[in-house]
Amino acid sequence: MDSADRKKEFILTVEKYRDMVWRICFRMLADREEARDAAQDTFVRAWQTLHRYDSRYSMATWLGTIACRLCIDVLRKRRLRLKIETETAGCNGNTSPDPGAYTERNEIENLLQRTVRALSPMQKAVFILHEIEQLPAWEIQRISGLSAVQIKSNLYIARQKVRKALIKEGIQY
């Protein structure tokens with residue numbers, strides 16, 4: 001396959017998986033601009049490392065792996081930046097939106113987003129991939145690089161934290 005054909009095939013791949021990659025990035029980062037940047041970076045990195053793609057695995061798994069790892073990096077940098085800003089400015093770092101401005105459904109979604117945002121990067125990745133993207137455990141294992149036991153542990157802890165936050169607000173989970 002020549003270079004022009006590879007480019008055309010990759011453009012089709014981007015079109016096919018664009019929404020999936022953006023959803024993963026948005027769910028993990030909870031910020032449209034950062035999600036857009038991370039999704040774009042995912043496809044740039046995929047193009048740059050296309051020669052390492054293992055066709056035994058699905059393209060969705062490979063792109064999901066790249067997206068998750070990029071988002072985890074962004075989250076780690078964000079936490080470090082927030083910690084530095086909090087220490088230097090003396091602010092509390094609370095950027096939660098006012099839930100009174102939303103309908104009941106939006107309040108629940110907002111609570112869920114805040115709760116998921118507070119999870120560790122790996123808990124967040126596993127929770128989003130399993131509960132929201134509904135990927136099977138083997139695919140999450142491939143994407144995250146975690147063992148089955150680590151996935152179950154992170155998912156259990158994430159579910160407990162989400163359940164606790166929902167119950168605290170009087171919402172049955």
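This is a predicted model: local features need pLDDT of at least 70, side-chain atom pairs count only at pLDDT 80 or more; totals for chains, interfaces and linings use all residues.
1. Residues are numbered from 1 along each chain as its sequence is written, and side-chain values use heavy atoms, with hydrogens and water left out.

2. The protein contains seven helices and zero strands, so that its elements read α-α-α-α-α-α-α from the N terminus on, where helices (H or I, at least four residues) and strands (E, at least two) are DSSP runs numbered from the N terminus. Of its 173 residues, 35% count as buried, a term that means under 20% relative accessible area, with exposed meaning over 50% and partly exposed in between (1.4 Å probe, protein chains only). Among contacts (heavy atoms within 4.5 Å) with a separation of 6 or more, 65% are made by residues 24 or more positions apart.

3. Helix α1 (residues 3–29) deserves a separate look. It has 27 residues, yet its end C-alpha atoms are only 34 Å apart, short of the 39 Å that a straight helix would reach at 1.5 Å a residue, the expected span being 1.5 Å times one less than the number of residues. A kink of about 55° in α1 is centred on tyrosine 17, the bend at a residue being the angle between axes fitted to the seven residues ending there and the seven starting there. Tyr17 is also one of the buried residues of α1, which include Phe10, Val14, Ile24 and Cys25. Just after α1, alanine 30 takes a positive phi of about 55°.

4. Four salt bridges are counted, each being a side-chain nitrogen of Lys or Arg within 4 Å of a carboxyl oxygen of Asp or Glu. One of them joins glutamate 133 and arginine 23, at 3.2 Å from N to O; this pair links distant parts of the chain, 110 residues apart, with glutamate 133 in the loop between α5 (121–132) and α6 (137–144) and arginine 23 in helix α1. Glutamate 133 is buried at a relative accessible area of 14%, whereas arginine 23 is partly exposed at 36%.

5. Another salt bridge is formed by glutamate 131 and arginine 159, whose closest N and O atoms are 2.5 Å apart; the two residues lie 28 residues apart, in helix α5 and helix α7 (residues 148–168) respectively. Both are partly exposed, glutamate 131 at 26% and arginine 159 at 28%. Aspartate 54 and arginine 56 also meet in a salt bridge, at 2.6 Å from N to O, with aspartate 54 partly exposed at 23% relative accessibility and arginine 56 exposed at 68%.

6. A disulfide is a covalent bond between the sulfur atoms of two cysteines. A search of the whole structure finds zero disulfides, the criterion being a pair of cysteine sulfur atoms within 2.5 Å. The sulfur of cysteine 68 has its closest cysteine sulfur in cysteine 71, 6.6 Å away and too far for a bond. For cysteine 71, which is in no disulfide, the nearest cysteine sulfur is that of cysteine 25, at 3.7 Å. Cysteine 68 is buried with a relative accessible area of 2%, and cysteine 71 is buried with 0%.
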